[in-house]
Amino acid sequence: MFNALKLSAWSAGLRSQLSLPLRVELWNGEHLDFSSEPARVTIRVPKPSSLRYLLSPTLYNLGRAYVEGALEIRGRAADMIRIGSELAAAKGSSHRPPNPLRLLSRHTRARDAEAIRYHYDVSNAFYAAWLDPNMVYSCAYFEDGSEDLAGAQLKKIDHILRKIDLRPGQRLLDIGCGWGALAIRAAQQFGARCVGITLSENQAELARERVAQAGLEGQVEIRLQDYRDLDGEFERIASVGMFEHVGLQHLPEYFAKINALLAPGGVVMNHGITTTDVAARATPYGGGEFIDQYVFPQGELAHLSTVIKAMQQGGLEVRDVENLRRHYARTCTLWTENFENRLETIGTLTDARRLRIWHVYLAGCAYAFAHDWISLYQIVGAKAGEDPGQIPWSRRYMYP
């Protein structure tokens with residue numbers, strides 16, 4: 001009786017605020033519809049105890065219930081995220097709690113390697129099923145939005161390499177090299193000598209295979225190595241989709257390390273996700289908490305202002321900043337479509353629980369970028385205090 005009363009009050013309150021293409025199916029065969037439209041999302045509550053997730057519908061609660069099987073949710077992932085967010089908003093759950101990771105210094109080499117293995121070492125086949133053929137797992141670059149994913153990813157790589165003004169014979173460091181696409185492209189098209197580093201054994205193995213297939217063993221070296229253990233000197237440095245794993249407290253050290261590795265007159269570019277919350281709190285409705293637990297353990301997003309300050313603290317001058325939020329919203333949308341279109345195949349490459357995590361994670365990222373909860377910035381820098389004659393007069397050199 002208590003559950004029935006709470007459910008009745010919740011549904012009545014929801015109907016008074018919203019019209020959602022949502023159906024809720026109860027364990028006793030009854031169902032509730034929240035729109036005259038056909039349902040785009042169906043939430044099945046298999047037992048009374050599962051009601052608590054529905055009656056407190058943060059993205060964290062709904063996501064956790066879906067992943068752990070406490071609720072069965074059917075529909076396209078984009079619809080699931082949109083309706084979940086509207087349920088949370090109607091409940092008044094937009095509060096951004098403090099990010100507990102901000103106050104914790106947990107980024108040891110061992111912990112970081114473990115976190116990277118958790119996220120990236122699902123299997124190479126898993127990622128290949130929904131990424132582009134070059135397996136580029138970072139924001140693509142669209143000149144007009146009509147490009148397919150593979151073309152946009154190549155444009156992104158070339159956009160980065162032009163931004164750092166990469167020239168033949170220069171030594172390029174790729175921090176967080178993934179499956180090697182940027183380093184291979186830099187060697188093939190720009191004549192660079194490249195070192196790529198990753199903490200993922202799966203990535204390193206396949207990247208080395210791809211380097212060998214391209215006949216680039218003399219130009220490209222792939223290392224399983226922590227950035228803190230690097231030495232040497234590089235004329236150009238690129239860090240793409242990696243600094244989110246560094247930790248807020250360690251950003252000045254991270255950029256100081258890059259500064260130490262950068263040759264005089266060299267250029268560095270940091271391409272990474274940022275929060276739009278100046279206090280670096282979690283994203284609204286519990287989305288950040290879900291990602292912390294299920295997707296990116298130890299991941300921390302800094303605000304753009306924090307990144308720029310940390311670069312200066314690390315001895316680097318910021319020379320150019322570009323916002324690619326729209327580009328990442330589009331990239332994540334294409335990834336989500338690929339994932340859902342190949343769901344049956346991907347289901348054979350991982351367990352059902354992880355499949356559900358990724359099913360909502362990719363769509364959640366698309367939603368977060370589209371709604372300005374998070375963003376993506378490319379920041380070009382160099383050693384602070386250098387001759388201003390080394391700075392180009394305009395940005396024209398970045399564009400073909």
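**Close-up 1. Surroundings of Thr198 in a predicted model.** Leaving aside its neighbours within four places in sequence, Thr198 is in contact, meaning heavy atoms within 4.5 Å, with Cys177, Gln203, Ala204, Arg223, Leu224 and Gln225. The model is a predicted one, in which local features need pLDDT of at least 70 and side-chain atom pairs count only at pLDDT 80 or more, while totals for chains, interfaces and linings use all residues. Residues are numbered from 1 along each chain as its sequence is written, and side-chain values use heavy atoms, with hydrogens and water left out. Thr198 belongs to strand S6 (residues 193–198); helices (H or I, at least four residues) and strands (E, at least two) are DSSP runs, numbered from the N terminus. With a relative accessibility of 5%, Thr198 counts as buried, where buried means under 20% relative accessible area, exposed over 50% and partly exposed in between, for a 1.4 Å probe and protein chains only. The side chains of Thr198 and Gln203 make a polar contact at 2.8 Å, a term for a pair of N or O atoms within 3.5 Å in which, within protein, one must be able to donate a hydrogen and the other to accept it, and residues adjacent in sequence count only if both atoms are side-chain atoms.

**Close-up 2. The largest nonpolar core.** A nonpolar core is a set of buried Ala, Val, Leu, Ile, Met, Phe, Trp, Tyr and Cys residues joined through side-chain atoms within 4.5 Å. The largest one has 78 residues, of which Leu22, Tyr127, Trp130, Tyr137, Trp335 and Trp358 touch the most other members. Helix H15 (residues 352–370) supplies the largest share of this core, twelve residues. Leaving aside its neighbours within four places in sequence, Tyr137 has contacts that include His119, Trp179, Phe296, Trp335, Trp358 and Tyr361.

**Close-up 3. An open sheet of four strands.** The strands of this sheet follow the order S2-S1-S3-S4, with mixed pairing; two strands pair if DSSP finds at least two bridges between them. Strand S2 (31–33) and S4 stand at the edges with a single partner strand each, so one side of each is left without a neighbour in the sheet. From one strand to the next, the twist averages 15°, taken from axes that are lines fitted to C-alpha atoms, with angles running from 0 to 180 degrees between N-to-C directions. Strand S1 (residues 22–25) pairs with S3 in the parallel sense over four bridges, and Leu22 stands opposite Val41 in S3.

**Close-up 4. Salt bridges.** There are 19 salt bridges, each defined as a side-chain nitrogen of Lys or Arg within 4 Å of a carboxyl oxygen of Asp or Glu. Arg44 forms one with Glu72, their closest N and O atoms being 3.2 Å apart; Arg44 lies in strand S3 (residues 41–44) and Glu72 in strand S4 (residues 72–75), so the pair ties together parts that are 28 residues apart in sequence. Asp320 forms a salt bridge with Arg395, with the closest N and O atoms 2.6 Å apart, and this pair links strand S10 (residues 316–323) to the segment after strand S11 (374–383), 75 residues apart. Asp320 counts as buried at 10% relative accessibility, whereas Arg395 is partly exposed at 33%.

**Close-up 5. A salt-bridge network.** Glu143, Glu147 and Lys155 are linked in a network of salt bridges. Between Lys155 and Glu143, the closest N and O atoms are 2.8 Å apart. Lys155 is partly exposed, with a relative accessible area of 28%, while Glu143 is exposed, with 53%.
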